[in-house]
Amino acid sequence: MKKTPLFIFVLLVALVVVAFSLGPAYIERDMNRVSPHTNYVVSEQAKTLHASLLIGDWHADSALWDRDLSKQYDYGHVDIPRMQQGNMALQMFTTVTKSPADQNYDSNQTSARDNITALVVVQGWPIKTWNSLTERAIFQAEKIHDLARRNGDNFMLIQSQTDLDSFLQRRALNQSLIGGLLGTEGSHALDGNLDNIQRLYDKGFRMMSLQHFFDNKLGGSLHGVSGLGLTDFGRQAVMQMLALDIMIDVSHSSESVVRDTLALSDQPLLVSHTGFQGHCQSARNISDLLMQDIAEQGGLIAIGFWDGAVCDNTPKAVAAAITYGIQLVGAGHVALGSDFDGSITPGFDVSELVAITHELLESGVTEPQIRQVMGENMVRFLQKNLPKH
Ligand SMILES: [Zn+2]
């Protein structure tokens with residue numbers, strides 16, 4: 001009789017140990033899959049052009065997961081070795097802090113159970129991150145700072161125009177160097193407190209998105225229930241972000257929020273991961289008219305790599321969305337916004353980016369346009385909109 005409770009206790013401890021050590025990898029293998037595929041056919045012309053590109057991407061949620069991004073994995077979509085194989089140069093790392101149960105593109109309640117809380121606990125994050133979304137963003141930022149500290153030859157964090165200049169100079173001599181930037185996914189990461197804008201800025205955040213899948217204190221989500229524009233709090237937040245030279249990302253925002261933000265801001269906006277309605281009719285994408293307004297104000301529209309944005313997950317579908325965007329808003333306003341490691345299933349990971357260059361050439365996109373879309377637009381945008389020092 002006495003042995004039974006001890007046995008159960010040992011079994012429970014063993015189960016907890018197994019859950020915490022194997023759980024995070026098990027979860028990520030399930031959440032960030034790549035569709036099985038054979039090697040993509042790539043022309044010699046595409047290989048040569050791709051090797052000469054400076055490539056940048058506006059959206060990857062890689063800091064959310066329990067991987068050491070300096071090492072290569074056989075799951076997930078992004079790590080430094082695979083970025084080097086794909087010739088990726090610049091990556092915006094976006095920090096997810098809250099995501100509703102039964103997440104969908106049509107209607108999510110702000111009060112829905114949050115999936116990230118369980119993930120944070122299973123991954124063994126500090127207790128202060130359990131109840132604070134700001135702390136979750138900061139914890140992910142610290143992982144990227146740590147990556148830069150440990151891998152100075154391969155990776156640097158870019159927080160200013162000065163940093164970007166030095167990155168470009170170093171990259172010209174060392175093509176394996178990667179530059180990272182920090183952005184939030186949804187401004188519920190402020191925990192309802194405007195002072196946290198400065199706090200996140202001080203931790204290196206240079207892009208903030210306003211909403212994620214649900215309405216928040218700043219205004220309506222494209223996938224929420226209110227459809228509201230910016231609230232008074234939202235207006236104050238946007239003004240503070242602009243005053244600090246924080247770039248504003250309106251992906252996931254309601255169309256009313258996008259319109260209000262365009263009216264409020266004289267600075268260009270980003271849509272960091274999206275598709276175009278006219279190419280892929282999806283509740284995930286805002287109207288083409290609004291995309292044109294964003295472009296007219298100097299903004300950038302970054303194309304995602306998953307079916308919800310471009311109606312398929314192949315390099316061909318991504319190239320088709322880019323080609324459509326070039327016709328709609330001009331090659332100077334289209335960029336890459338993969339959403340890698342964002343619980344999507346693309347048809348390729350970052351190491352296989354050359355397949356997009358190949359498909360763009362096949363679609364008749366010119367080499368100068370390919371250079372712009374694949375990264376030059378991002379560099380130009382950062383050169384203009386990052387803080388000077
Ligand atoms: Zn997203």
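Two residues are in contact if their C-beta atoms, placed from the backbone, lie within 7 Å. By that criterion, and leaving aside neighbours within four places in sequence, His-145 is in contact with Leu-157 and Gly-204. The model is predicted: local features need pLDDT of at least 70, side-chain atom pairs count only at pLDDT 80 or more, and totals for chains, interfaces and linings use all residues. Residues are numbered from 1 along each chain as its sequence is written.

**His-145**
- His-145 lies in helix α5 (residues 133-150); helices are DSSP runs of H or I with at least four residues, numbered from the N terminus.
- His-145 has 14 C-beta neighbours inside 10 Å and therefore counts as partly exposed (buried means 20 or more other C-beta atoms within 10 Å, exposed 12 or fewer, partly exposed in between).
- His-50 is 95 residues from His-145 along the chain, and their C-alpha atoms are separated by 29 Å.

**Helices α2 and α13**
- His-50 is one of the α2 residues that meet α13, where the partners include His-358 and Leu-361.
- By class, this contact of α2 with α13 has four nonpolar, four polar and one charged residues.

**Nonpolar core**
- The largest nonpolar core has 97 residues, and Ile-248, Ile-301 and Ala-321 have the most contacts inside it (such a core is a set of buried Ala, Val, Leu, Ile, Met, Phe, Trp, Tyr and Cys residues joined through C-beta atoms within 7 Å).
- Helix α12 (residues 315-329) gives the most to this core, with nine residues.
- Outside four places in sequence, the contacts of Ile-248 include Met-208, Leu-210, Val-238 and Leu-270.

Methods
Helices (H or I, at least four residues) and strands (E, at least two) are DSSP runs, numbered from the N terminus. Ala, Val, Leu, Ile, Met, Phe, Trp, Tyr, Cys and Pro count as nonpolar, Asp, Glu, Lys and Arg as charged, and the others, Gly among them, as polar.
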